[in-house]
Amino acid sequence: MSDFNDETRAIHFRIDNAATRPIATPIYQNSAFSADSDYFYTRKSNPNSTELEGALALLEQCQHVVSTTTGMSAIHLVLGLLQPGDHLVINRLIYGCSYKLFQRYTAQYHIKLTVLDFSAADWSATMPDDATLVFFETPTNPFLQTLSIQHIAARAKRGNPAAIVVVDNTWATPLFQKPLQHGADISLASATKYISGHSDVMGGFIATDNLQLADRLRTQRFYQGCILDPHSAWLLRRSLHTLPIRMREHVRITRLLCEFLQRCPQIKKLYFPGMDPAQLQNYGGIVFVELVDALADKYMELTAALRLFDTGTGMACVSSMIARPWFGSHASLMDHEKQAMGISPNLIRLCFGLENEVDLIADLSQALRKISTVVATENPHAVEA
């Protein structure tokens, strides 16, 4: 290119990528590729998002993964499979923003919405036979109820063989639960949580063995523009390298912290999912607790006394966090909707990070003693300190 001017030559100068042979895939911070490239345009696909999807497919043991910008965009893409007049069925225990999205989406597009309680003894009798899409979490948010994917999928398809069964697998992760192996058509998750694990990147993904569904979802992603950017995809791919190690440690620490909490006189109830060797093979990281009635209004004092638990909506990462669903994950719901779910301001979500378990126990112990002392000063018989 010696016949061109310097500024032109500088723009077109390239290194020989074939000679680099990197151990880790670099970030392809490209919006466009050559016309003969397999990638063409990053809004359609990118080497970083493609590699992430391939690794996630191995964990989910599925044929297709579609990555997205967030967990909510993954859910929104799935809702795009519905048409006006279709019937969406959801479980009543579900993330507050998901619940509100379902309400808004079905009202806007004239889709019927039915909210069921899949933990009720008679839930099967209440399942409508014309369900087009059935969506639920397991374990549930909140209360960590374990729902049978196999039973729900079988019942939905008995009424409508074409029904699409969708499981939000965020909290179990594909390491501990693989919904597609139990009858689900789609498994999706917020990669912002355990997949990332460090509270520094957002993302979502949809897993399926159905090529037709995968193609429809990829097409919708292209036109909606909700593919992961290359840097976020690269970060999530890097986080996958440590996911098994992190999850094993989350499980170990959570079990020890639960044993401690069950012995605390300040804790009235602890919520932890039931294990199912066939479906939910393990679990760790997030639990819910309720304080005894005498301490029900001492949440702010509790968080002020804690040193290792950050407050906020983050979770499932290397640092421990504390929050109240009433004011956090389910704040978008009306008060009567929260109450219908069984949520009260006294329900607390504890997310255990990867700090030393001795330090976490010591921190919770001193904070619980501190609020007990305050109440005991006000009412000596209110709670055993």
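Reader: Is the crossing of α3 and α4 left-handed or right-handed?
Author: The crossing of α3 and α4 is right-handed. A crossing is called left-handed if the near helix is turned anticlockwise from the far one by less than a right angle, and right-handed if clockwise. Helices (H or I, at least four residues) and strands (E, at least two) are DSSP runs, numbered from the N terminus.

Reader: Before we go on, what kind of model is this, and how are residues numbered?
Author: It is a predicted model, in which local features need pLDDT of at least 70 and side-chain atom pairs count only at pLDDT 80 or more, while totals for chains, interfaces and linings use all residues. Residues are numbered from 1 along each chain as its sequence is written, and side-chain values use heavy atoms, with hydrogens and water left out.

Reader: Back to α3 and α4: at what angle do the axes cross?
Author: The axes of α3 (residues 71-79) and α4 (residues 96-108) cross at roughly 30 degrees and come within 11 Å. The two helices are therefore roughly parallel. Axes here are lines fitted to C-alpha atoms, for helices over the stretch in contact, and angles run from 0 to 180 degrees between N-to-C directions. Angles under 35 degrees count as roughly parallel, over 145 as roughly antiparallel, 65 to 115 as roughly perpendicular and the rest as oblique.

Reader: Which residues meet there?
Author: On the α3 side they are M72, I75, H76 and L79, which meet C97, S98, L101, F102 and Y105 of α4; contact means heavy atoms within 4.5 Å. Seven residues of this contact are nonpolar, two are polar and none is charged. Ala, Val, Leu, Ile, Met, Phe, Trp, Tyr, Cys and Pro count as nonpolar, Asp, Glu, Lys and Arg as charged, and the others, Gly among them, as polar.

Reader: And α3 with α8, at what angle do those axes cross?
Author: They cross at roughly 115 degrees, and the axes of α3 and α8 (residues 211-224) come within 10 Å. This crossing is right-handed. H76, L77 and V78 of α3 make the contact with L217, Q220, R221 and Q224 of α8. By class, there are three nonpolar, three polar and one charged residues in it.

Reader: How far apart are the axes of α2 and α9?
Author: The axes of α2 (residues 47-60) and α9 (residues 230-240) are 8 Å apart, and the helices pack at an angle of about 30 degrees. Here the crossing is left-handed. N48, S49, E51, L52, A55, L56 and L59 of α2 meet P230, A233, W234, L236, R237 and L240 of α9. Nine nonpolar, two polar and two charged residues make up that contact.

Reader: Changing topic, what volume has the largest pocket?
Author: The largest pocket has about 570 Å³. Of its 28 lining residues, Y95, S190, T192, K193 and M315 are the closest to the centre. The lining takes at least two residues from each of α3, α4 and β6, and its classes are 11 nonpolar, 12 polar and five charged.

Reader: How are pockets and cavities defined?
Author: On a 1 Å grid over the protein atoms alone, a cavity is a set of points where a 1.4 Å probe fits but cannot get out, and a pocket is an open set with protein on both sides within 12 Å along at least five of seven lines; lining residues have an atom within 4 Å of a point. Grid points are joined across faces, edges and corners, and a volume is the space filled by probe spheres set on the points.

Reader: How many cavities of 30 Å³ or more does that give?
Author: The count is two. The largest cavity has a volume of about 40 Å³, and its lining includes L261, I267, V289 and L291. β9 (286-291), β12 (347-351) and α13 (357-378) each supply at least two of the lining residues. That lining holds 10 nonpolar residues, with no polar and no charged ones.
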